[in-house]
Amino acid sequence: MPGLVELFVLCITLVISLVVSLGITVPLTGALVRLRANYNPKALQLDPEGNVNVHTGPIVTSFFGMLRRVYRIEGWAGLYKGLMPTAIATMVMTGFAIAALDSKRLASHGRVDPPDVGILATFVYGIFGMLVALPAAIITYRSIVTPYRLPWFRPMYSLRILLTPTERRRPWVLYLTPGLLVAQVLQISYTVVILRSLRSLLLAGSSFSSVKFGIYVVIEMLSTVIICPLEVMTTKLAIQRNHSAAEYNSVEQEVEDDAIEAPEYAEYSGQEEDVIGLRHEKDPYLGFLDCAKHIIDEEGWQTLYRAWWVTMLAAIVSAAAAASQYQGNIVGSD
């Protein structure tokens, strides 16, 4: 009986912590994704037919400004767009981590937190975790930026909105989204191979050095210069859908098909005002380098550093967690 009581208390504690965590992080993540996905060209653009396109996205330059805009246009329901895919992915990845590793591992859509093993094994773990989580991340990002209302308990209805017919028929096409895998692999390679090597070099040892820890924190903070653009590009590429209709190329969105399939879908903000602007649907990014080039040419290089302070804050937290882990290992060895 005592064992059952302890198990029940543990389950209740996990549920409460999950609810509280999602209640706080989902609105913040939604604002971050919208801010980085927002398309706001700095000059007039030509559409694929050569016509002048005067449409520009809303000019929102701050994280909290986007948070206020979401609440003003879409209300509380808009703030919690992406809740269900986030909750499902978190529970699945947490269960996988507990089963495959240990109870201290937690799942997230953000920075990879691999087990404490060799560099190669850590890299493989990171790539595997990314491949498992990528479809969930794509669906989550799209559910956040879509102007349509998504019922929490009608997944097939929501997937018809978020995925093209091609993606529903052939789900593996999500992995072929131009440039997305490249951006993810580059980010994992940098955080695992470079940062983890420097972490082992500076923090591992028989005693804790505040000087070495300070150097590592600075390195983590400077890494924002590399990691933040990769995160911004990942966001923009993840919301770009795929199809293989004969009248389009392999990366453009099935605009007409989607319009025919979804005339009854209800929107939050109607036709007058959307929370964010998106790039022209018939002019997608063709790859990783093409994405970087078009972002810089059309929106300016500053776009690659939207909400850079969020990335830097995550880096500082990661450095502090690493230092705490190594200190614990030193104490345990004593």
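Is Trp76 buried or exposed? I found that Trp76 counts as exposed, at 57% relative accessibility; buried means under 20% relative accessible area, exposed over 50%, and partly exposed in between, with a 1.4 Å probe and protein chains only.

I note that the model is predicted, that local features need pLDDT of at least 70 and side-chain atom pairs 80 or more, and that totals for chains, interfaces and linings use all residues. Residues are numbered from 1 along each chain as its sequence is written, and side-chain values use heavy atoms, without hydrogens and water.

Aromatic pairs. I searched the whole structure and found five aromatic pairs. Rings of Phe, Tyr and Trp (its six-membered ring) pair if their centres lie within 6.5 Å; planes under 30 degrees apart count as stacked, over 60 as edge-to-face and the rest as tilted. Tyr71 and Trp76 are edge-to-face, because their ring centres are 5.4 Å apart and their planes stand at 75°. Tyr71 is partly exposed, at 42%. I then looked up Trp301 and Tyr305, an edge-to-face pair with 6.2 Å centre to centre and 75° between the planes. Trp301 counts as exposed at 53% relative accessibility, while Tyr305 is partly exposed at 25%. I also recorded one aromatic cluster formed by Phe63, Phe64 and Trp309.

Charge over a ring. I located Arg154 over the face of Tyr157, 4.3 Å from the ring centre; the criterion is NZ of Lys or CZ of Arg within 6 Å of the ring centre and within 35 degrees of the ring normal.
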